[in-house]
Amino acid sequence: DAIFYILEDLFKESTKKIKNPMSYIYINCHGNKNGLALGYLKTENEFEFYTNLKEKFDVISGKRIIMIDSCESGGATPLLAPNSYVIVSAEEDKPAKGDVVLGNWATRYWVCGAGYDFLPGQAHDMEADSNKNKKVSLKELCDYTNRKLKNNSRLHRCQIISNDPNGIIFE
């Protein structure tokens, strides 16, 4: 829990100074429908439950964009909150996939959809911006990712956990 207390203090101080703060939380680890095997836990068989994570994330003011690329991450529904915009890489009962060279597929498509390709290390147009307004909503990013996953014969699908799927997450 020490890392969360440090982050809590950091978020409290930094969000006081920003009018409309927007925090990005990216998590990539082993997961199951109830939680995540985060690195600070004692063994890889221990999981931090989503309900516990929600309590820790609730100290972050402003808009929270939470991106979870983990197996069975569709179970992250306890993270639902009015100011949280959650995108997950897999349904509650499905694994997330990737490979050694390209990393996890959902992460790669999220990054490309937001306007960056980490393989050549170059910024480009936001590929997920379907209406060409120079903004990407949670729904646009999820739809873009699912098209890419389907085109590449991936077996999992990205999902949204939010009260506002059309909320803008990248500008």
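The model is a predicted one. The sheet is open and carries its strands in the order S1-S5-S6-S12, with mixed pairing. Strand S6 covers residues 84–88, and five of its five residues are buried. Helix H4, residues 138–151, lies across S5, S6 and S12.

**Sheet architecture**

- The strand order of the open sheet is S1-S5-S6-S12, and its pairing is mixed.
- S1 (22–28) and S12 are the edge strands, each of them pairing on one side only.
- On average, neighbouring strands of this sheet are turned by 15° against each other, direction ignored.
- In general, strands of a sheet pair through backbone hydrogen bonds, in either the parallel or the antiparallel sense.

**Strand pairing and bridge partners**

- S1 and S5 run parallel and are joined by seven bridges; within this pairing, Ile25 stands opposite Ile66 in S5.
- S5 (residues 63–69) pairs with S6 in the parallel sense, over five bridges.
- S6 pairs with S12 (residues 159–161) in the antiparallel sense, over three bridges.
- In that pairing, Ile87 stands opposite Ile160 in S12, while Val86 stands opposite Ile161 in S12.

- Strand S6 is largely enclosed by the rest of the structure, because five of its five residues are buried.
- Ser84, Val86 and Val88 point one way from S6, Tyr85 and Ile87 point the other way, and all are buried.
- In a regular strand, side chains alternate between the two faces of the sheet.
- Six of the seven residues of S5 are buried, so S5 is likewise largely enclosed by the rest of the structure.

**Helix packing**

- H4 runs at about 0° to S6 and lies across S5, S6 and S12.
- Helix H3 (residues 105–114) packs against H4 at an angle of about 125°, with the axes 9 Å apart.
- This angle makes H3 oblique to H4.
- The crossing of the two helices, H3 and H4, is right-handed.
- From H3, the contact is made by Trp105, Ala106, Tyr109, Trp110, Cys112, Gly113 and Ala114.
- From H4, the contact is made by Leu141, Tyr144, Thr145, Lys148 and Leu149.
- The residues of the contact of H3 with H4 comprise nine nonpolar, two polar and one charged.

- Pro95 is found in the loop between S6 and strand S7 (98–99).
- With a relative accessible area of 37%, Pro95 is partly exposed, because that class lies between the limits of 20% and 50%.
- Leaving aside residues up to four places away in sequence, Pro95 touches Cys71, Ala90 and His156.
- Pro95 and Gly31 are 64 residues apart in sequence, and their C-alpha atoms are 8.8 Å apart in space.

Note on methods:
Residues numbered from 1 in each chain as written. Predicted model: local features only at pLDDT ≥ 70, side-chain atom pairs only at ≥ 80, totals over all residues. Heavy atoms only, no water. Buried < 20%, exposed > 50% of the residue type's maximum accessible area, 1.4 Å probe, protein only. Helix = DSSP H or I, 4+ residues; strand = E, 2+ residues; numbered from the N terminus. Pairing = 2+ DSSP bridges. Axes fitted to C-alpha atoms, helices over the stretch in contact; angles between N-to-C directions. Contact = heavy atoms within 4.5 Å. Parallel < 35°, antiparallel > 145°, perpendicular 65-115°, else oblique. Left-handed = near helix turned anticlockwise from the far one by under 90°. Nonpolar A, V, L, I, M, F, W, Y, C, P; charged D, E, K, R; others polar.
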